[in-house]
Amino acid sequence: MPAHADGGGSAEWSVTPSAGGGTRPAKDGRPSFYAEGTPGAVLQDTLSVTNPGPKPRTISLRGADAANTGSGAFSVTPAKGRPKDTGAWLTFARRQVKVEPRTRAEVPFTLTVPTGALPGDHPGAIVASGGGRTVGVRVDLRVGGPSLSALTVERVEVDTDAGSISYDLVNRGNTVLTPKLAVHADGVFGTLLDRPARTLPVELLPGRRVSLTEPWPDAPALDAVDVELTATASGGARGTATASARFVPWGAVAGGGALLLAAAGGALHLVRRRRRRTAEGREQEPSPGTGPGPVSEQKCGATELAPAGTGDER
């Protein structure tokens with residue numbers, strides 16, 4: 001994010017991962033901290049606090065756990081909360097640092113991985129406060145051991161009045177996921193919606209659930225539909241869920257449209273029966289020229305922090 005000017009008209013202070021003892025500008029350095037270690041490991045790094053302004057600055061530092069906002073964005077636990085994960089494992093050489101005008105201070109810190117830490121991703125942040133503003137730097141910690149990418153889609157509901165589809169995404173594994181979502185909907189007479197998989201603006205942390213909404217502005221006025229949502233992510237994560245709904249123009253129903261609705265429902269029943277019979281026939285009919293063979297089994301299946309080291313918490 002762009003820096004704001006202070007009362008003296010100069011750029012605000014910033015915090016970034018140290019690069020070469022503070023001799024390289026932040027734009028050429030690391031945007032965040034990344035560390036790997038096994039349970040019991042003690043990892044070390046350094047934070048740079050830069051004050052380009054004409055006045056001294058006293059900056060307070062704290063560790064924070066990562067969280068998800070309601071929309072799925074990356075956020076951190078508030079200052080009044082007590083961190084229980086990565087934020088609690090950070091220890092600073094100085095929790096307060098005074099930075100003279102137009103200078104940079106280097107603050108060493110350690111990240112101690114507890115012996116009982118679970119394998120997988122443990123995102124967190126270093127949060128700095130001073131002079132009426134708060135910024136942060138991400139800390140992405142990977143604890144050694146087996147990793148699992150797992151994702152489920154739950155509580156799918158179609159809002160026929162608003163023309164939207166609501167659903168929950170749940171990270172059932174131990175890795176951070178960036179999900180993709182595909183949407184398919186069938187009506188009485190065929191496909192109504194077929195959106196290919198697209199990346200969602202979500203960074204879903206391990207064990208977290210987010211509630212999202214998929215707009216459907218051109219939803220039908222009168223139909224009975226089946227909706228299927230399929231979410232995928234790296235590591236083979238995949239989840240699918242379905243929901244059914246009936247779109248009814250209640251004004252038309254009050255004026256005699258009930259007969260039309262009943263006809264649509266009957267047509268849907270016939271179409272579904274025909275589809276089931278066709279599918280059953282295909283399963284029972286042997287392939288030409290082949291005899292009985294083995295059957296293969298198939299398994300089916302809050303404060304927001306900008307990613308850049310100088311981003312403002314909001």
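Buried here means under 20% relative accessible area, exposed means over 50%, and partly exposed lies in between, with a 1.4 Å probe and protein chains only. The model is predicted: local features need pLDDT of at least 70, side-chain atom pairs count only at pLDDT 80 or more, and totals for chains, interfaces and linings use all residues. Residues are numbered from 1 along each chain as its sequence is written, and side-chain values use heavy atoms, leaving out hydrogens and water.

**Stop 1: strand β12.** Select residues 164–171. This is strand β12; strands are DSSP runs (E, at least two residues), numbered from the N terminus. Seven of its eight residues are buried, so β12 is largely enclosed by the rest of the structure.

**Stop 2: strand β11.** Pick valine 153: its bridge partner in β12 is leucine 169. Now go to the hairpin of β11 and β12. Four residues lie between the strands, and glycine 163 takes a positive phi near 70 degrees.

**Stop 3: strand β15.** Select residues 209–215. β15 runs antiparallel to β12, joined by seven bridges. Return to leucine 169: its bridge partner in β15 is valine 210.

**Stop 4: lysine 180.** This residue sits in strand β13, residues 180–187. Is lysine 180 buried or partly exposed? Lysine 180 is partly exposed, at 40% relative accessible area. Show its contacts (heavy atoms within 4.5 Å). Not counting residues up to four places away in sequence, lysine 180 touches Ala197, Arg198, Thr199, Thr230, Ala231 and Thr232. Finish with a distance: the C-alpha atoms of lysine 180 and proline 201 are separated by 9.1 Å, with the two residues 21 apart along the chain.

Key. Two strands pair if DSSP finds at least two bridges between them.
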